[in-house]
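Open the model in your viewer and keep the sequence panel beside it.

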Amino acid sequence: MKTEFVRYGLDKWRMLIGALQLLGALSLILGYFYFPILTIIAATGLSILMILGFGVRLKIKDTAMQSVPSLFYALINAGIAIIELNRLH
């Protein structure tokens, strides 16, 4: 992964991005069981991270096969946020 972050031009942001991803995943789990609003916040945050990741992939001209998974995960997290938001109402 270190070499990938260098390739993305994000090597100095690797630790922050990794920490945000782990925090998002943990928040999804805790939010699901205890705090539904936390699930919405975490899923939205992860969706934003994945959209930004998709943008980076486009910027460095990766193939569609390399780029589409980040967009797919962004959509999944956006869907989770929307479903949880609807459950709260």
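This is a predicted model: local features need pLDDT of at least 70, side-chain atom pairs count only at pLDDT 80 or more; totals for chains, interfaces and linings use all residues.

Residues are numbered from 1 along each chain as its sequence is written, and side-chain values use heavy atoms, leaving out hydrogens and water.

**Stop one: the helix pair.** Select residues 36-59, helix H3, and residues 64-88, helix H4. Helices here are DSSP runs (H or I, at least four residues), numbered from the N terminus. The axes of H3 and H4 come within 8 Å and cross at roughly 160°; axes are lines fitted to C-alpha atoms over the stretch in contact, with angles from 0 to 180 degrees between N-to-C directions. H3 and H4 are therefore roughly antiparallel to each other (an angle over 145 degrees). The residues of the contact of H3 with H4 divide into 17 nonpolar, eight polar and two charged; Ala, Val, Leu, Ile, Met, Phe, Trp, Tyr, Cys and Pro count as nonpolar, Asp, Glu, Lys and Arg as charged, and the others, Gly among them, as polar.

**Stop two: Ser 70.** Stay in helix H4 and pick Ser 70. Is Ser 70 buried or exposed? At 11% relative accessibility, Ser 70 is buried (under 20% relative accessible area, 1.4 Å probe, protein chains only; exposed is over 50%). Now show Met 50, Gly 53, Phe 54 and Arg 57, which Ser 70 touches, not counting residues up to four places away in sequence (contact means heavy atoms within 4.5 Å).

**Stop three: Phe 33.** Move to helix H2, residues 14-33, and select Phe 33. Phe 33 is exposed, with a relative accessible area of 59%. Finish by drawing a C-alpha to C-alpha distance from Phe 33 to Leu 16: the two are 26 Å apart in space and 17 residues apart in sequence.

Definitions and conventions
Helices (H or I, at least four residues) and strands (E, at least two) are DSSP runs, numbered from the N terminus. Angles under 35 degrees count as roughly parallel, over 145 as roughly antiparallel, 65 to 115 as roughly perpendicular and the rest as oblique.
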